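Colleague: Could you take me through this model, one question at a time?

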Amino acid sequence: MTYARRSWIVLWKDLLSERRSKETLNALFFFALLLLFLFQFALGADRERLTAAMPGLLWLGFILSGLVGLGRAFLAERENDCWEGLLLAPGDKSAIYLGKVAGNLVLMLFVEAVLLVLFAVFFDVDLGAHPLRLTVVIGLGTLGFAAVGTLFAAMTAHVRAREVLFPVLLLPVQVPLLLGAVEATEAVLLGEPLGAVGHWLGLLAAADAIYLTVGILTFDAILEA
Amino acid sequence: MTSRERVLGWVAGLGLTAGFVMAFGVAPREATQGNVQRIMYLHVPAILVAYLAFGVVLVASVIYLWGRAAGADRLAHASAEVGVVFTSINIATGAIWGKPTWGTWWTWDARLTSVSIMFVIYLAYLLLRAMIEDRERAARFAAVLGIVAALDIPLVHFSVYWWRTLHQPATLLRPGSTPMDPPFVLALIVNLVAFVLLYGYFVAKRVRLLRQEQEVLA
């Protein structure tokens, strides 16, 4: 079985069980809706203030729902005693990591798409002026977040205080991703070309590459019982 | 305490004394800032040694994942602890210096922000170690985080720098790179050497304590 095929099987397994149970996605959609209420109440009804804070709020929404979603990434394996199954899987364990990252990426992009629509509807902002540019920025930011988040989720899966420890580990490390994504999103929403935020996109791409590489090289050490 | 540790401790103590004399006796009073500037002799060596400490964490983490030598794990653990202590010395002295010089204890300047993020990342590193009971598992996970954290430092540095400077170009917070006079530089170097020795002493002590702890528990 090739490396790509083994990654694909992990991804397929996660997507299939999510499609059938809809446990995480349903809760996340509802969570995203509640976040919009919170943002609205926290900032008041002032349209200008909301628009000025939009890129930050958008990524705050992505990150908070991502924290909740990623925290459950290895829940099925842990609760159903399938950890040994992962351990027994033949070949390079990093294929499992890549499959999990891909699964989390798909999940997060789903929720982010819903959040974008909700923002556009409830806050009456035009997010669709440059869909391609926005997709590039969101894709780069989310990939890094999923890469380092999946690594930390696997680490904290066996720790007693995992609900606390997971965000405590992830939030400080992902600061460069958040800064880059917010700044680039702001520029794109203002109608600037991607070239104007080339340095931020480069930083996001570098962060993605670093997190993915470390994840691939070290996942073996995390998976050991 | 082993005799080697004792020697290191005495040498570090002598170095700190020499550094103290240099900072308050030999180095002249800085023209514009006055005596407040002397805090630099504590502030700058502290952060340089903290960077050294986190570099050691990175190297020791890689070595641990490679050959699973328990000694490399103890070195990473001890070095991270000492690095966090030196970072907090840097942040505290910076705030004390900032109040009379800038008029505020804290500002979200690029350097302050990136150092404080680094501080929080390594606090989380120590928290991870503290929360895992199984020693061997704690060592493995901490090694992975030690690598991610160290590689994150340049990303944090660049992102925060761009974030601040693109919004708020050079104000009084960004002094020009005026060259320092030799007596200032000399006092700084003496203190830096003393701090490196102090770091070595602390780490040697912590590594021995961690080893004894593990021997007792084993």
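Colleague: How many residues of chain A are in contact with chain B?
Modeller: Keep in mind that this is a predicted model. On the chain B side, 30 residues take part in the contact. On the chain A side, the number is 30.

Colleague: How much area do chain A and chain B bury between them?
Modeller: The size of an interface is often given as the accessible area lost when the parts come together. Here 77% of that area lies on carbon and sulfur atoms. The total for chain A and chain B is about 2,800 Å².

Colleague: Which residue of chain B meets the side chain of Glu224(A) in a salt bridge?
Modeller: The rule finds three salt bridges across the interface of chain A and chain B. It also finds five residue pairs in polar contact there, both residues at pLDDT 80 or more. For the side chain of Glu224(A), the N to O distance is 3.4 Å, and the partner is Arg140(B).

Colleague: Which helix of chain A gives the most to the side that touches chain B?
Modeller: The elements of chain A that give two or more residues to this side are helix 7 (131-156), helix 8 (162-173), helix 9 (175-189) and helix 10 (198-223). The top contribution is 11 residues, and it comes from helix 10.

Colleague: Is Thr218(A) buried or exposed?
Modeller: Thr218(A) is found in helix 10 of chain A. Leaving out residues up to four places away in sequence, Thr218(A) touches Leu151(A), Leu65(B), Val144(B) and Ile147(B). Its relative accessible area is 5%, so Thr218(A) is buried.

Colleague: Which backbone oxygen does the side chain of Thr218(A) reach?
Modeller: An α-helix has 3.6 residues a turn, so residues three or four places apart point the same way. The side chain of Thr218(A) comes to 2.7 Å from a backbone oxygen, that of Val214(A).

Colleague: What does Tyr125(B) touch?
Modeller: Residues up to four places away in sequence are not counted here. The list is Val57(B), Ala76(B), His77(B), Ala80(B), Ala142(B), Leu145(B) and Gly146(B).

Colleague: Is Ala27(B) buried or exposed?
Modeller: Ala27(B) is found in the loop between helix 1 (3-26) and helix 2 of chain B. Neighbours within four places aside, Ala27(B) is in contact with Met22(B), Arg38(B), Tyr41(B), Pro183(B) and Ala187(B). The cut-off for buried is under 20% relative accessible area. At 3%, Ala27(B) counts as buried.

Colleague: How far does helix 8 of chain A reach from its first C-alpha to its last?
Modeller: Helix 8 has 12 residues, and 16 Å is expected at 1.5 Å a residue. Its buried residues include Leu165(A), Phe166(A) and Pro167(A).

Colleague: What is the phi of Lys22(A)?
Modeller: Lys22(A) lies in the loop between helix 1 (3-21) and helix 2 (23-43) of chain A. Lys22(A) is partly exposed, with a relative accessible area of 42%. Its phi is positive, in a residue other than glycine, and is near 55°.

Colleague: Where is Arg68(B)?
Modeller: Arg68(B) has a positive phi near 55° and is not glycine. Its relative accessible area is 32%, so Arg68(B) is partly exposed. Its place is in the loop between helix 2 (40-67) and helix 3 (70-102) of chain B.

Conventions
Residues numbered from 1 in each chain as written. Chains lettered and ligands numbered in written order. Predicted model: local features only at pLDDT ≥ 70, side-chain atom pairs only at ≥ 80, totals over all residues. Heavy atoms only, no water. Contact = heavy atoms within 4.5 Å. Buried area = accessible area lost by both parts, 1.4 Å probe. Salt bridge = Lys/Arg side-chain N within 4 Å of Asp/Glu carboxyl O. Polar contact = N/O pair within 3.5 Å; in protein donor to acceptor, adjacent residues only side chain to side chain. Helix = DSSP H or I, 4+ residues; strand = E, 2+ residues; numbered from the N terminus. Expected span 1.5 Å × (residues − 1). Buried < 20%, exposed > 50% of the residue type's maximum accessible area, 1.4 Å probe, protein only.
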